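Please look through the structure shown below and follow the questions and answers about its pockets, its sheet and its cavity.

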Amino acid sequence: MATVPSLPSAWYTEPDQLERERTRVLRAGWQYLGPAEPVAEPGTFAAFDLAGLPIVVTRDGDGVLRGLVNVCRHRGAIVAEGCGARKTLQCRYHGWTYRLDGTLHRAPGMAEAPTDVRLPAIAVATVGPLLFASADPEPEPLADALAPFLDLVDGVAGMDPSTLVHRRRIEHRIGANWKAVVENFIECYHCPLVHAETLPGYGGDDYRIGQFGPLHTQHLDDQRFCFAYLYPTTQLSAYGLEHAFVARAIQPLDVRTTAVALDYWFAPEADLAAADRYIDWFEKVIGEDEPLCESVQRGLDSGALERGLLNPDAESGLREFQLLVERALA
């Protein structure tokens with residue numbers, strides 16, 4: 001099969017392009033935020049950044065999990081920072097105070113707080129102890145979006161996500177556009193060459209790939225391994241032999257810099273020493289990938305390549321990702 005053109009190289013190097021993507025691509029789908037533990041109990045909150053959109057996730061007094069835009073409706077200051085336990089959220093600029101359901105509770109100096117003012121709501125959901133958010137007005141239910149992958153987690157990896165225990169978070173800063181980072185993790189075309197020792201057998205004939213709309217999956221039965229990429233940035237991996245589950249939180253910092261936080265989760269029966277060895281191994285794999293992402297960025301920055309060429313078989317998931325980006329920006 002003939003090659004197909006990739007996205008324009010300029011889309012990986014122009015700051016204005018990233019600003020278009022923040023609103024039309026990066027806030028459109030479900031994104032992994034991190035452990036849900038900070039908002040597990042009623043009366044708790046945790047602040048996050050969702051592709052440049054400040055958000056706060058709360059668990060109100062009735063135990064309802066909520067996502068709110070974390071921007072004061074008075075003058076636009078950030079309302080909540082960090083995480084903790086509170087009955088209300090107060091903007092530190094002028095003291096406007098909001099209930100955990102987002103409604104305005106108090107506006108100092110006003111006899112009555114306006115009744116029609118509230119922090120806008122966004123969608124939040126959990127998979128076991130993992131927390132996700134989407135700024136899409138009507139997102140597909142998260143469980144439905146991830147269903148093919150969750151079936152693999154059960155059938156291939158033999159794991160129950162609801163029982164996962166968080167072991168460690170390791171943060172990386174990669175000198176490449178967020179799309180180059182996402183694309184590297186989507187395809188295993190490079191695995192036999194780059195990860196021959198760390199990932200033997202990955203990317204070979206037994207490596208299976210699936211596409212379910214915005215969800216891309218991969219699995220290798222003899223390794224009890226499965227992977228999911230949910231557009232635009234959610235990436236999850238399960239390794240049944242090691243009782244391990246890895247969730248990646250990917251955020252562009254600027255057009256050439258991407259933050260990647262890896263949360264390492266394990267089944268309750270996992271041996272802690274073995275878990276640490278697994279983390280060291282996975283970080284070695286990431287260490288093999290980072291310089292490749294940065295090499296791609298240097299090449300695209302050079303202006304020597306207007307568009308790349310994709311292998312439509314080995315890079316089918318990457319191609320689907322690029323099509324989704326193109327459609328969102330059309």
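This is a predicted model: local features need pLDDT of at least 70, side-chain atom pairs count only at pLDDT 80 or more; totals for chains, interfaces and linings use all residues.

Q: Which element gives the most to the lining of the largest pocket?
A: The residues nearest the centre of this pocket are Glu183, Val296, Leu310, Glu315 and Leu318. At least two lining residues come from each of β1 (4–8), α4 (178–186), α6 (272–301), β19 (307–310) and α7 (316–329). With six residues, the element that gives the most is α6.

Q: Which residues lie closest to the centre of the second largest pocket?
A: The second largest pocket holds about 300 Å³ of space, and 15 residues line it. Two or more of these residues come from each of β2 (31–35), β3 (44–50), β12 (165–174), β17 (244–254) and β18 (257–266). By class, the lining has eight nonpolar, four polar and three charged residues. Those closest to the centre are Leu33, Arg169, Ala249, Gln251 and Ala261.

Q: Which strands are the edge strands of the seven-stranded open sheet?
A: The strands of this open sheet follow the order β12-β18-β17-β16-β15-β14-β13, with antiparallel pairing, and neighbouring strands are turned by 15 degrees against each other on average, direction ignored. An edge strand here pairs on one side only, and this holds for β12 and β13 (208–212).

Q: Which residue in β14 is the bridge partner of Arg208?
A: Strands of a sheet pair through backbone hydrogen bonds, and the pairing may be parallel or antiparallel. Here β13 and β14 (residues 215–220) run antiparallel and are joined by five bridges. In β14, the bridge partner of Arg208 is His219.

Q: What angle does the direction of α4 make with that of β15?
A: Helix α3 (residues 147–155) lies across β13, β14, β15 (225–230), β16 (234–239) and β17, and runs at about 15 degrees to β14. Helix α4 also packs on the sheet, where it touches β12, β14, β15, β16, β17 and β18. The direction of α4 makes with that of β15 an angle of about 150 degrees.

Q: What volume does the largest cavity have?
A: A search of the whole structure finds one cavity of 30 Å³ or more. The largest cavity has 21 lining residues, and closest to its centre are Phe185, Cys191, Leu199, Tyr239 and Arg248. The lining takes two or more residues from each of α4, β15, β16 and α6, of which α6 gives the most, with five. The volume of the largest cavity is about 220 Å³.

Methods
Residues are numbered from 1 along each chain as its sequence is written. Side-chain values use heavy atoms; hydrogens and water are left out. On a 1 Å grid over the protein atoms alone, a cavity is a set of points where a 1.4 Å probe fits but cannot get out, and a pocket is an open set with protein on both sides within 12 Å along at least five of seven lines; lining residues have an atom within 4 Å of a point. Helices (H or I, at least four residues) and strands (E, at least two) are DSSP runs, numbered from the N terminus. Grid points are joined across faces, edges and corners, and a volume is the space filled by probe spheres set on the points. Ala, Val, Leu, Ile, Met, Phe, Trp, Tyr, Cys and Pro count as nonpolar, Asp, Glu, Lys and Arg as charged, and the others, Gly among them, as polar. Two strands pair if DSSP finds at least two bridges between them. Axes are lines fitted to C-alpha atoms, for helices over the stretch in contact, and angles run from 0 to 180 degrees between N-to-C directions. Contact means heavy atoms within 4.5 Å.
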